[in-house]
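Me: I'm new to this structure and would like a friendly walk through it. Could you show it to me before we start?

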Protein chains: 2
Amino acid sequence: MNSVFEALKPYLDRMMALKAALVLFEWDDATLAPEKAGELTEKVIGTLSGEYFGAVNNETVKELAEKCAGEEGLSEAEAGQVRELLEEISKLDAIPQKEYQEFSQLTAGAVRIWTKAKADNDFDAFAPTLEKVIDFQKRFAAYRAKEGQKKYDVMLNDFEPGFSMELLDEFFGVIKKEIVPLLKAVQESKVEIPNDFLTGDFTDEQQEEIGRFIAEYVGFDFSKGVMAVSAHPFTTNLHNRDVRITTHYGKNLDSSLFSIIHETGHALYELGVRDDLTQTLVGEGASMGMHESQSRFFENILGRNRSFWVPVYAKLQKAFPDNLGNISLDDFVRAVNKATPGFIRTEADELTYSLHVLIRYELEKDLIEGDLQVKDLPEAWADKYEEYLGIRPENVREGVLQDIHWSQGSFGYFPSYALGSAFGAQMYAYMKKEMDVDKLLEEGKISVIRDYLKEHIHQYGKLKKSREILKEMTGEDFHAQYYVDYLKEKYGELYRLNV
Amino acid sequence: MNSVFEALKPYLDRMMALKAALVLFEWDDATLAPEKAGELTEKVIGTLSGEYFGAVNNETVKELAEKCAGEEGLSEAEAGQVRELLEEISKLDAIPQKEYQEFSQLTAGAVRIWTKAKADNDFDAFAPTLEKVIDFQKRFAAYRAKEGQKKYDVMLNDFEPGFSMELLDEFFGVIKKEIVPLLKAVQESKVEIPNDFLTGDFTDEQQEEIGRFIAEYVGFDFSKGVMAVSAHPFTTNLHNRDVRITTHYGKNLDSSLFSIIHETGHALYELGVRDDLTQTLVGEGASMGMHESQSRFFENILGRNRSFWVPVYAKLQKAFPDNLGNISLDDFVRAVNKATPGFIRTEADELTYSLHVLIRYELEKDLIEGDLQVKDLPEAWADKYEEYLGIRPENVREGVLQDIHWSQGSFGYFPSYALGSAFGAQMYAYMKKEMDVDKLLEEGKISVIRDYLKEHIHQYGKLKKSREILKEMTGEDFHAQYYVDYLKEKYGELYRLNV
């Protein structure tokens, strides 16, 4: 180990340990903690967040990091950690520790307030908290903005380094121009796709059993991971030998199934990070968009592909004999790809999904950079759903209160979901030239695809940025057109359109 | 808040947050964490332990604490925290931080090594680790010993302040003198107590359902607590609104049932701590012995009392109809009180239990103060079982490897189990003068007993020491005779002896 880096190492270990503790509290809170624990546990989380802040942002660490940055002999992993640390320091340095701590406590409580407001279908109960969260985030972004940089660009950059409103306006411009009319054509098509057989009264145990099977089939390693239940499915990790996913069970057999495949995609990313990078500042996925590219790749591009189900559909039929016993593989695959405008982003099909994200992007931009007020959000939300999806939510539970993100203070996160789909489509276009993806899936050789993604993406953790990964993998910078082409081809065929 | 104390408060919050994180990792590791997570998670735990050590044991904190100790205007809770902190500082101050951290990492790994060695019935696989643990503990005790103080006394004092080998030699002397012959008389008695109906093939779900019912009946509040499964049942807590118990399920219906009542006793203690004390250094039970007094009071003195089951035995019969459907309440109660010398401490009946502890006390004393070597432990263990219980373990899994404690570095802990039973018996003798315990139990008014214990014990957390609590509650210092009398009366009646 480089000797200057060696002096920094204990400080890095401290950061990682505090971060791991915060991750574990978050996991525990979402999956297990008793109902009345919240308020007192928030104090702990607030204090640990403050400790993390202090561990990153202090003079000794800054000096050591700057000294390391001038070193020649650092390994790739060491240099990556120093780079990330300096970025993190410059991020936090701009924010007074007290405000950061207040904000952590606020968001810990905000999630509970949002949960209750959503259950009660009561936007007003959440609005004052949301206003505070936005105030903090605008203030933090202003503290952090480089000269002339817009606040929302600062936020976007946290989730997707290398992307800005300029690039995203262009990306969502293409989506708006191409996908809104494509959806219209789909809706006007005469093709009927029955999917009522996906609904039923399933037990949690029944869904869990097949869910665990599918997670393992896709590649989730239960000796290095855990699956649990939470209100909102997510993936988290302590390191590359402890990666955790959650799901929830309901009345549609495809809902938990594809949510598990989605989270397994995230999990594979974290399980695939190199041993010398895990438990370091570069030991996680490159960006939110790159992470979503993996989860959505497994969920949609592979998981909703007919070939994926060839080796395992019989097993699925056996798990749900009353519903799928008499349904052909083709009918099943058509059903899980049916495009239907709906209110809920997380339940959306591949086609309408990007429009849900488009709406959030436009609203966030307007909240942060424009003059949209929190009190006017429910109306603005409903207007956009009517415009792009042709449906108007009747209540806030299925409208503006559906997502957890804003209560956690995550603004600029949503675009990553659509970017992830678009990254995935670009990778897929390239991979099809390298290997026969359908044949591999049909032969149950999903591990070949998994290994390929591990080799080109997962292993590097945060050593490379998303555009760099794309360029090295596909030979091109990011292009939205692959995504639009993918959707047009898939839905054109499914609904027999002339696109 | 006192202004000197106010300056100390953020440091105290930091300690409590780090401690809470360590508690959560411990819980997670025992109940959920994936098999291969261990090694990397241990690094996190090691770092956080070091942080905790540094948070307690640093010059600023020491100065502030000493300044507080000289203050007049501290509240009872504030003064208690300062006292505990100074004790903790003097404890840690004596140990070099690096050794403390090495020890934490060692014990985190030691538990896994012990678990495997136990499963493999292989003492040699654990012996080198145990030797290291003992070396650390002897060294730490030597660092900490006051002039002329014995190392094992230092250890005992960690779990039971105010108790020493002198007092315990006397206590275990009475046990040896009175209980060994009592057990002999029981074994020679002609009374047959059938208990085969307690054994069967029960599902985990079946046991869990009645277990949750009983926990709630005894007073466990599931809105402030969680119940899970682990290899070795335990109770832990983050604060008085997040108290967690574990159990395990097997082939004896009484095993998980009474283990749940036992852990609920521990949990009630933590749930009953005053709001102004929780999340502080005085926010937990007074001592291990006082904790065990509560768990064993609920498990044995109440839980194995016929009156306890009067309101709920029908429910239990319904949960296990094949086994208990035709068994009378009297036969059930006799069965769960049957005294049978066995190898396993945690499965022991009330009568033989103290002899299991006596054995461990004598062995620990000999390991720490005498010349017993780790390599000779299995033999020494077996000899003592033969001497006091009349049975000789054939393998180390059921012998010296059965308990987790030594792998965690806990020496001086075992005596607290017997002390707890003895504290409970002394309390019970006094309580029976204050209230009709049997009648309350028969009428399902267990809350009256719970409230009484909360008022006299639980609410105070660590503000009082165990002997102080006993004195204030019963008007007397600790006396072993109550315990012996309780066992003689109970088992004399059960086995129709002349004692």
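Me: How many bridges join β1(A) to strand β3 of chain A?
Reply: Happy to begin there, with a word on the ground rules. This is a predicted model, in which local features need pLDDT of at least 70 and side-chain atom pairs count only at pLDDT 80 or more, while totals for chains, interfaces and linings use all residues. Residues are numbered from 1 along each chain as its sequence is written, chains are lettered from A and ligands numbered from 1 in the order in which they are written, and side-chain values use heavy atoms, leaving out hydrogens and water. β1(A) and β3(A) (residues 242–247) run parallel, and the bridges joining them number five.

Me: Which residue is the bridge partner of A:V226 in β3(A)?
Reply: Helices (H or I, at least four residues) and strands (E, at least two) are DSSP runs, numbered from the N terminus, and two strands pair if DSSP finds at least two bridges between them. In β3(A), A:V226 has as its bridge partner A:R244.

Me: Which are the edge strands of the sheet in chain A?
Reply: The sheet is open and mixed, with three strands in the order β1-β3-β2. Its neighbouring strands are turned by 20° against each other on average, direction ignored. The strands that pair on one side only are β1 and β2 of chain A.

Me: Which helix lies across β1, β2 and β3 of chain A?
Reply: Contact here means heavy atoms within 4.5 Å. Axes are lines fitted to C-alpha atoms, for helices over the stretch in contact, and angles run from 0 to 180 degrees between N-to-C directions. Running at about 165° to β3(A), the helix is α10 (residues 253–271) of chain A.

Me: Where is A:F234 placed?
Reply: A:F234 touches A:W27, A:A30, A:R244, A:I245, A:T246 and A:E263, leaving aside residues up to four places away in sequence. A:T264 is 30 residues away from A:F234 in sequence, and their C-alpha atoms are 9.8 Å apart. The place of A:F234 is the loop between β1 (225–229) and β2 (235–239) of chain A.

Me: How are α8(A) and α18(A) oriented to each other?
Reply: The axes of α8 (residues 165–188) and α18 (residues 414–434) of chain A come within 12 Å and cross at roughly 65°. A:L168, A:F171 and A:F172 of α8(A) meet A:P415, A:A418, A:L419 and A:A422 of α18(A). Angles under 35 degrees count as roughly parallel, over 145 as roughly antiparallel, 65 to 115 as roughly perpendicular and the rest as oblique. The two helices are therefore roughly perpendicular.

Me: What makes up the contact of α16(B) with α22(B) by class?
Reply: The axes of α16 (residues 350–368) and α22 (residues 481–494) of chain B come within 10 Å and cross at roughly 140°. The contact is formed by B:E350, B:L351 and B:S354 of α16(B) with B:Y483, B:Y486, B:L487, B:K490 and B:Y491 of α22(B). Ala, Val, Leu, Ile, Met, Phe, Trp, Tyr, Cys and Pro count as nonpolar, Asp, Glu, Lys and Arg as charged, and the others, Gly among them, as polar. The contact residues are five nonpolar, one polar and two charged.
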